[in-house]
Amino acid sequence: MNNISNQIHQNRYFLLFVFLFAYVQSIHIRIVVRGTLDQYIFTPEAAVATFVSACILFFVIDFFIKSWQRSSTFSLKEIFKIFSSSLFVYLLVMKTISFLIALAFGTIERNFNEEALIFTTFSELIDGFIYGSFFLAYRYYKKNVIYQKQLLLYDQALSDSKINQLKTQLNPHFLFNNLNVLDQLIEEDKHKASDFLNEFAEIYRYVLDVSDKKLIAVKEELAFAEKYFNLIRHKYGSAYILQIDYENTTGNIVPLSLQLLLENAVQHNLGSQSNPVLITIHIREVIMVTNTIIPKRSIKKTSGRALNNLKEQYWVLTDQKLEMLKTETKFTVIIPIIPDKI
């Protein structure tokens, strides 16, 4: 009983539509047949009877769908089989009910003569087509809504999984590169190495904190990038210069984006005190990270995995692409700022 009540409540707007359609249909038929407009035309008993018969049809169709439908997709052959069988059973049920009512009131001869039988059968068949079509359309619409929600949840889970995979690739990359810097500093200057290690521990704590986040505020990521650049200065001094042009821009960015681009500029370019590599971060509607190109004499072949990784993260999260522009003297990466609503 509770299940029936729940079904009625969940589908109340569809049932209300069916009743109103039946009521309008009954008014139209009475006006056409009687040719007059009086109080009787607006009485609801015919609409109630049609509504009850429509509910019987809905029950029959639902029974065949549950019995015969084996997959989540629908073929025309399967729909035709369900619909035609439902109409046949519906006509049998309606004729049985009509016969029992006629038998109870002694009106079998009047209601089941050839002319009346043909007329009522045709009328019930037309109603079956109309209301059965309504029900199938509504049923498949609801199923499609559920399927779309499941698909959305699946896509979200897939995106989350993809982002997590990409992040697990970036964290070791960050750790490995900076441990290499620490190793070199230990050989060159133990005091600098100690300072570097203290700052690196603080920065890596931030890396761990944001590792489970998809997005971080632009302002917060920029502050982290400045701290990270201080690590670079421990080793290279003024060989690399960072300039920031920033307005109070709201929005978000993928964590470690700026750090990765700073690291990329250092990795691929050879700066010196006399000819430093200039890195600029310009933040307005988008973020533009540009560095001057001073190629190293012996260039190691790199996979470009880090930049490709970053591009994939933005594509998964926003369907927006990172733009990369390269000239003879400059390399620029344009990062979209992700609104807070995403």
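Predicted model: local features only at pLDDT ≥ 70, side-chain atom pairs only at ≥ 80, totals over all residues.

## Getting oriented

The protein holds 10 helices and 7 strands. It has 342 residues, and 36% of them count as buried. Take the contacts between residues at least 6 apart in sequence: 73% of these join residues at least 24 apart.

Is Asn291 buried or exposed? Its relative accessible area is 6%, and under 20% means buried, so Asn291 is buried.

Which residues surround Asn291? Leaving aside residues up to four places away in sequence, Asn291 touches Ala265, Asn269, Val277, Leu278, Ile279, Thr329, Lys330 and Phe331.

## Helix H2 meets helix H3

Now let us turn to the helices. The axes of H2 and H3 come within 8 Å, and they cross at roughly 135°. That angle makes H2 oblique to H3. The crossing of H2 and H3 is right-handed.

On the H2 side, the contact involves Phe14, Leu15, Val18, Phe19, Ala22, Tyr23, Gln25, Ser26 and Arg30. On the H3 side, they meet Glu45, Ala46, Ala47, Val48, Thr50, Phe51, Ala54 and Phe58. Sorted by class, the contact of H2 with H3 has 12 nonpolar, 3 polar and 2 charged residues. With a relative accessible area of 47%, Ala49 is partly exposed. The C-alpha atoms of Ala49 and Tyr23 are separated by 9.9 Å, and these two residues are 26 residues apart along the chain.

## Helix H3 meets helix H4

Helix H3 (residues 45–68) also has a crossing with helix H4 (residues 76–105): their axes come within 9 Å and cross at roughly 140°. H3 and H4 are therefore oblique to each other. The crossing of H3 and H4 is right-handed.

Who takes part in the contact of H3 with H4? From H3 come Ser53, Ile56, Leu57, Val60, Ile61, Phe64, Ile65 and Trp68. They meet Glu78, Lys81, Ile82, Phe83, Ser85, Ser86, Val89, Tyr90, Val93, Met94 and Ile97 in H4. The residues of this contact divide into 14 nonpolar, 3 polar and 2 charged.

## Aromatic rings

How many aromatic pairs does a search of the whole structure find? The search finds 16 of them. One of the pairs is Phe17 with Phe134: the ring centres are 5.2 Å apart and the planes stand at 65°, so the pair is edge-to-face. Phe17 lies in helix H2 (residues 12–34) and Phe134 in helix H6 (residues 114–188), so this pair ties together parts that are 117 residues apart in sequence. Phe17 counts as partly exposed at 40% relative accessibility, and Phe134 is partly exposed with a relative accessible area of 24%.

Phe134 also forms an edge-to-face aromatic pair with Phe21, at 5.0 Å centre to centre and 90° between the planes. This pair links distant parts of the chain, with Phe21 in helix H2 and Phe134 in helix H6, 113 residues apart. Phe21 is partly exposed, with a relative accessible area of 30%. Elsewhere on the list, ring pairs link Phe14, Phe58, Phe135 and Tyr138 into a cluster.

## A backbone detail at Leu256

Most residues other than glycine have a negative phi. Leu256 is not a glycine, yet it has a positive phi of about 75°.

Where can you find Leu256? Leu256 sits in the loop between strand S3 (252–253) and helix H9 (257–268). At 5% relative accessibility, Leu256 counts as buried.

Methods. Residues numbered from 1 in each chain as written. Heavy atoms only, no water. Axes fitted to C-alpha atoms, helices over the stretch in contact; angles between N-to-C directions. Helix = DSSP H or I, 4+ residues; strand = E, 2+ residues; numbered from the N terminus. Parallel < 35°, antiparallel > 145°, perpendicular 65-115°, else oblique. Left-handed = near helix turned anticlockwise from the far one by under 90°. Contact = heavy atoms within 4.5 Å. Nonpolar A, V, L, I, M, F, W, Y, C, P; charged D, E, K, R; others polar. Buried < 20%, exposed > 50% of the residue type's maximum accessible area, 1.4 Å probe, protein only. Phe/Tyr/Trp six-rings, centres within 6.5 Å; stacked < 30°, edge-to-face > 60°.
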